[in-house]
Amino acid sequence: MNTSPSDLCARKLCIDLKQGFPRHWHRGDAFRSMYFNALSMSFPVGEQAFIDAVRAGLELLPDNPEHNSLRVTVQQFIAQEATHRHIHGLYNVHLEKQGLDNRWQHWATKRVDAARANNMHPLTMIALTAAYEHCTAVFADCTLRYDNWLDHAEPKMQMLWRWHAAEETEHKAVAFDLYQTLGGGYTRRALCFAYAFLLFVVESNAQTLLNLWHDRSLFKLRTWWSMSTLALGKNGMFWRCTLPLLRYFKPGFHPNDDDNRELAEQWLTKNAYIWEAVRRPATQDNRGAINAMVRAVAP
Ligand SMILES: [Fe+2]
Ligand SMILES: [Fe+2]
C-alpha cells in the first residue's frame, strides 16, 4: 500500500522552545533525557541529507503523469522533514547552552560530504534514507504506542517527540516508494539498511555516553539502571524494536505492511490544539508554495 498525497500535511508545532527545558526533562532521568537528546542532535544534518536525497531522486523520475502522485508526496515529505530539522535545531541550541557537545552532527556531515565527493549513486542515497526512515518509524511507533516511553516527561517535550513521531509514521513509506519506483532492488536496500542500522546503534550510543559525561551522570548507578530498563524493561527497546527492525530484510517488505497510520491520526486529532497546518496536502498546484515554506525554514 503506497502513501497517497492526501495522507500528508506539513504542520507547525506551537510550543515555545525559547524558554528552554530542564536538563533532565525526561522525568528527572539523566539517561533517558540524554538518549533522546542524542537523537535530536542527529536530526538537522540527517534530515537535510534525506531531503537532498529525495530531491535528487525527483530529478530522475520520468516526467509522466503516472508519477504525479509520488512527486507531490515527496514534496510534502520534504516539507515535513524541513519543519522537523528546524525545530530540532532550536532544541539543539538549548542543549548547547546546557553544555552538551553535539559530535554526531560532525560525524554525519563528514559522511555526507564524502558521499558527495565520491559521487555516490543517487539510488544509494535514497536507499540509505529509506533505511534511516525505517529505524525512525519503528521508534516513532513505540513513542506513540507505549505511554511509558515518555511518561512523566516535561509536557512540551512529550508533545515535540510525539508530533515528530506522528509525522514520521505518516511518511514512513515515501523514500521507500521513491526508491522502488526508480528501480531500486533488494540487495542495495538490504546492504544500506545493515550499514545504516549499525551506524545508528554506534553513533546514538556514543553521543549518549558523551552527553552523560558532560552531564556528569555517566558514572552514576541509576544512569545504568535506567539504560537497562529502557532496553529490557516493560516495552523495552529490545523487545519492541528488534523484530520490526529486522523485518526490513524480508524480500517483498513494504513499510506500510504494518499500517499504523491510525496511531498517528489519533494522536494528531487528540492534540490538534498544539499544531497548525502549514500546508494542506500537496497538489500539483501548491508545490510552489510548499517549496517557499521549505526555504523559509532552511538554515
Ligand atoms: Fe523527521
Ligand atoms: Fe522522516
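Biologist: Which residue follows H2, and is its phi positive or negative?

Modeller: This is a predicted model, in which local features need pLDDT of at least 70, side-chain atom pairs count only at pLDDT 80 or more, and totals for chains, interfaces and linings use all residues. Residues are numbered from 1 along each chain as its sequence is written, while chains are lettered from A and ligands numbered from 1 in the order in which they are written. Helices are DSSP runs of H or I with at least four residues, numbered from the N terminus. The phi of the residue after H2 is positive, near 95°, and that residue is Gly99.

Biologist: How many of the 30 residues of H2 are buried?

Modeller: A residue is buried if 20 or more other C-beta atoms, placed from the backbone, lie within 10 Å of its own, exposed if 12 or fewer, and partly exposed in between. H2 is largely enclosed by the rest of the structure, because the number of its 30 residues that are buried is 21.

Biologist: Is Glu265 buried, exposed or partly exposed?

Modeller: Glu265 lies in helix H10. There are 14 other C-beta atoms within 10 Å, so Glu265 is partly exposed.

Biologist: What is the orientation of H4 and H6 to each other?

Modeller: Axes are lines fitted to C-alpha atoms, for helices over the stretch in contact, and angles run from 0 to 180 degrees between N-to-C directions. Helix H4 (residues 122-145) and helix H6 (residues 174-181) have axes 8 Å apart and pack at about 150°. Angles under 35 degrees count as roughly parallel, over 145 as roughly antiparallel, 65 to 115 as roughly perpendicular and the rest as oblique. H4 and H6 are therefore roughly antiparallel.

Biologist: What is the orientation of H1 and H4 to each other?

Modeller: The axes of helix H1 (residues 30-60) and H4 come within 9 Å and cross at roughly 135°. H1 and H4 are therefore oblique.

Biologist: Which residues of H10 make the contact with H5?

Modeller: Helix H5 (residues 155-170) and helix H10 (residues 261-270) pack at about 140°, with axes 8 Å apart. Residues are in contact if their C-beta atoms, placed from the backbone, lie within 7 Å. On the H5 side the contact is made by Arg162, Ala166, Thr169 and Glu170, and on the H10 side by Arg261, Leu263, Ala264, Trp267 and Leu268.

Key
Helices (H or I, at least four residues) and strands (E, at least two) are DSSP runs, numbered from the N terminus. Two residues are in contact if their C-beta atoms, placed from the backbone, lie within 7 Å.
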